[in-house]
Amino acid sequence: MRIINKYIKQKTVLKLQNNMRKPLLMAAALLISAVAFGQKKELKEIEKQIRKGDLTSAQSGLNAIKGSVEGTEFAPQFYFLEAQANIELTKKNKSLASLQNATAAFAKVKQLEGGKGKYTNQLQSLADEAINFAVGQAQEKYKAKDYKNASVAFEQVYRLSARDTVFLYNAAVVAVEGKDYDKAVKLYSELKDLGYDGAETLYIATNKQTKQDETFADKNQAELMVKAGTHEKARVEKTPSKRADIIKNIAFIYVEQKKVDEAIKAFEDAKKAYPKDANIILAEANVYLQLDNKEKFKQLMQAAQLDPNNADLHYNIGVINMQQGNILEARKGFEQALKIKPNYADAALNISTTYINEGNGLIEQMNKLGNSKADIAKFEALRDQKDGLFKKGAEVLENYTKANGNVENILEQLKNIYGALGDSANFQRVKKLLGQ
């Protein structure tokens with residue numbers, strides 16, 4: 001009987017304990033319900049404040065409830081309102097920081113709703129406003145040479161619309177221009193991982209008046225301009241893939257940062273991916289030149305000859321030779337590039353520059369001469385030789401202009417050459433072509 005009584009007592013105690021838990025559970029449920037009701041009310045108030053344009057109050061409200069909303073059913077609504085408030089702040093203050101906050105909130109909404117849901121579906125209209133602002137800011141900042149903020153703006157366009165990968169590429173390119181190399185490597189690496197190609201189809205026609213090629217939205221528009229009589233030679237051209245350039249650019253940045261080991265490894269990766277790209281080999285050769293490893297440089301320069309019809313390759317060989325002071329070898333590289341690609345403006349400009357550099361070398365000799373009869377005679381001979389080289393430099397640019405039309409930097413150099421020669425008639429003629 002004692003055993004049975006003990007059992008009954010235990011059973012009774014247990015039953016009493018279970019009965020005691022029920023009010024506690026009910027109280028907790030009521031508390032959760034009250035918290036949820038409070039969050040819902042606060043979010044509704046924030047929504048009203050955004051509609052009224054009271055963004056300061058909206059931001060304060062968002063900051064106050066952020067911790068309590070995380071992990072609840074209201075989190076997608078919270079981040080949607082955070083995106084909305086930051087876009088309004090972006091428009092009001094032209095703040096790229098607010099735009100970045102909006103972009104982060106967009107990503108959070110999509111993550112929480114798995115890419116589908118009530119608030120994800122409402123993001124597009126908000127995104128369109130933000131994208132338009134970001135594109136405008138990117139162009140404005142780039143024009144002002146504010147490369148750091150231009151890169152930020154370009155990146156936000158991509159973050160808001162992942163299909164527009166070209167903006168991520170632009171962000172990387174502009175980051176390099178702003179010497180923000182760490183960011184540039186990060187963005188280029190992301191592009192590499194995405195398998196970004198970057199090849200484009202261009203619809204081109206040549207303006208009859210300026211002789212310059214112009215790009216149109218589609219084939220029909222280019223052909224309409226030809227029918228209108230303002231343009232000629234309507235054609236479709238495909239730009240090359242940017243994949244190899246992305247890999248090369250990562251290596252170049254490491255070179256710029258003096259991270260030699262990372263640069264060499266990046267070139268090795270690039271050669272594995274693009275074994276027939278001579279420009280990669282050439283770029284690697286340039287790294288070894290900077291390291292004063294002349295033997296490795298020579299080996300790679302020989303290997304780079306595997307693509308004889310590549311205009312860019314010959315151009316780059318010209319650049320490397322120019323950097324080393326090998327003027328005649330540089331000229332050969334640029335001339336070969338121009339022969340393969342007759343509208344290669346930079347090649348024509350650099351051929352001209354080789355003649356100018358050669359002529360400038362003679363000026364140094366002239367300045368060292370004295371006032372004796374022999375020195376005066378030598379001075380005059382060197383001056384005539386220098387003027388002859390300058391005239392050859394001008395002739396290259398005149399021939400290019402006749403064949404391809406006016407190009408601003410070509411005309412600028414031509415003007416400077418005529419100025420140095422004291423040829424006022426041609427100097428004034430070229431100034432007019434430049435609109436000066």
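1. In which helix does Lys44 lie? Lys44 is part of helix α1, which covers residues 2–52, where helices (H or I, at least four residues) and strands (E, at least two) are DSSP runs numbered from the N terminus. The model under review is predicted, so that local features need pLDDT of at least 70 and side-chain atom pairs count only at pLDDT 80 or more, while totals for chains, interfaces and linings use all residues. Residues are numbered from 1 along each chain as its sequence is written, and side-chain values use heavy atoms, with hydrogens and water left out.

2. On the overall architecture, the secondary structure of the protein comes to 19 helices and 3 strands. Of the 436 residues, 39% are buried, a class defined as under 20% relative accessible area, with exposed meaning over 50% and partly exposed lying in between (1.4 Å probe, protein chains only). The accessible surface comes to about 25700 Å², and carbon and sulfur atoms hold 52% of that surface; such areas come from the Shrake-Rupley method with a 1.4 Å probe. Among contacts with a separation of 6 or more, 55% are between residues 24 or more positions apart, a contact being heavy atoms within 4.5 Å.

3. Returning to Lys44, this residue counts as exposed because its relative accessibility is 55%. Lys44 gathers with Lys48, Arg51 and Lys52 in a surface patch of positive charge. Patches of this kind are made of residues with over 30% relative accessible area and no salt bridge, like charges being joined within 9 Å (for nonpolar side chains, namely Val, Leu, Ile, Met, Phe, Trp and Tyr, the limit is 5 Å).

4. A residue in another setting is Asn279, found in helix α12 (residues 278–290). Asn279 has a relative accessible area of 11% and is therefore buried. If residues up to four places away in sequence are not counted, Asn279 touches Lys248, Asn310, Asp312, Leu313 and Asn316. Asn279 and Ala244 are 35 residues apart in sequence, and their C-alpha atoms are 9.3 Å apart in space.

5. The structure holds 16 salt bridges, each defined as a side-chain nitrogen of Lys or Arg within 4 Å of a carboxyl oxygen of Asp or Glu. One of them pairs Asp197 with Arg243, with 3.6 Å between the closest N and O atoms. Because Asp197 lies in the loop between α8 (181–194) and β1 (201–207) and Arg243 in helix α10 (residues 243–256), the pair ties together parts that are 46 residues apart in sequence. Asp197, at 27% relative accessibility, counts as partly exposed, and Arg243 counts as partly exposed at 37%.

6. Lys386 is classed as buried at 10% relative accessibility, and Asp387 is classed as buried at 18%.

7. Arg429 and Glu398 also meet through their side chains in a salt bridge, at 2.5 Å from N to O. This pair links distant parts of the chain, with Arg429 in helix α19 (residues 424–433) and Glu398 in helix α17 (residues 373–404), 31 residues apart. Arg429 counts as partly exposed at 34% relative accessibility, whereas Glu398 is buried, with a relative accessible area of 15%.

Technical notes
Lys and Arg count as positive and Asp and Glu as negative; His and the chain ends are not counted. The place of a charge is taken as NZ of Lys, CZ of Arg, CG of Asp or CD of Glu.
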